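Thanks for coming, everyone. I have one model to walk you through today, so let me put it on the screen and we can look at it together.

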Amino acid sequence: CSFDIRAGAKGVRLIPGGSLKPGSLYISRWEGEYETGLDQYGEYLGKKFGRKRSEHPPVGWCSWYAGYFADITEAEVLKNLDHAALIPGLKYFQIDDGWESKVGTATLGMPEHDSAKFPHGMQWLAETIRSKGVKPGLWIRPFKGWGDSANVPDWARGSTLDISHPDARAWLSQLTRWLVKEW
């Protein structure tokens, strides 16, 4: 068989007879839904690191898994938020992909919300979510690079962000602080 080892969009193809010296490799086989494999992997990690499954996992709503995918709008968030009290133990309310005006955060600088889909803005929406007694969450894609144009720094070039570079870590910290404090 052959393995395709990926790190972001980059990878190395191992040909039959080739070798790779990974730090740690987990291989599992299962039948059925992919969640079954993820459950097995979670159990493996729990045993390896001495962790137990939480008896009270956090309860949250996520626009992506609610079926909106990238078609989420402020109106749909508010419609679902009106029913938040019906979900026992609801703690988090996350807006997933589809809120931004450009794909992911693939723009140099800070992400912008799609003002046609979210006319009141993300800060207003976060405050509205908080007013219902739940914590707002926002999907971001900070590890996507910004392409290959000349004005893009080396640490953000291509399809991934090189977080081993101090400027990339500084940008990521700035992005996180800005999203949390401003929005």
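Predicted model: local features only at pLDDT ≥ 70, side-chain atom pairs only at ≥ 80, totals over all residues.

Residues are numbered from 1 along each chain as its sequence is written, and side-chain values use heavy atoms, with hydrogens and water left out.

L38 sits in helix α1, residues 34-48. Helices (H or I, at least four residues) and strands (E, at least two) are DSSP runs, numbered from the N terminus.

Of the 183 residues, 26% count as buried. Buried means under 20% relative accessible area, exposed means over 50%, and partly exposed is in between, with a 1.4 Å probe and protein chains only.

Now to the charged pairs. Side chains of opposite charge can pair when their charged atoms come close. The rule I use for a salt bridge is a side-chain nitrogen of Lys or Arg within 4 Å of a carboxyl oxygen of Asp or Glu, and by this rule the count comes to four. I'll show you some of them.

One of them joins E31 and R29, at 3.5 Å from N to O. E31 is exposed, and R29 is too.

Another joins R53 and E43, with the closest N and O atoms 3.9 Å apart. R53 lies in the loop between α1 and β3 (59-62) and E43 lies in helix α1, so this pair ties together parts that are 10 residues apart in sequence. Are these two buried or exposed? R53 counts as exposed at 61% relative accessibility, while E43 counts as partly exposed at 44%.

Next comes D82, which bridges to K132, again with the closest N and O atoms 3.9 Å apart. D82 is in the loop between α3 and β4 and K132 in the loop between α4 and β5, so the pair ties together parts that are 50 residues apart in sequence. On the helix and strand limits, α3 covers 74-81 and β4 covers 90-95. D82 is exposed, at 55% relative accessible area, whereas K132 is partly exposed at 45%. D82 also comes within view of I129: the two are 47 residues apart in sequence and 9.7 Å apart in space, C-alpha to C-alpha.

The largest pocket has a volume of about 300 Å³. It is lined by 14 residues, of which P136, G137, L138, L179 and W183 lie nearest its centre. The elements that give two or more residues to this lining are α4 (122-131), β5 (135-138) and α5 (166-182), and α4 gives the most, with five residues. For the method: on a 1 Å grid over the protein atoms alone, a pocket is an open set of points with protein on both sides within 12 Å along at least five of seven lines, and lining residues have an atom within 4 Å of a point. Points are joined across faces, edges and corners, and the volume is the space filled by probe spheres set on them.

Last, a couple of loop residues. F69, in the loop between α2 (64-68) and α3, has a positive phi near 50 degrees, in a residue other than glycine. T160 is in the loop between β5 and α5, and T160 and F143 are 17 residues apart in sequence and 5.6 Å apart in space, C-alpha to C-alpha.

Conventions:
1 Å grid on protein atoms, 1.4 Å probe; cavity = no way out; pocket = protein on both sides within 12 Å on 5 of 7 lines; lining within 4 Å.
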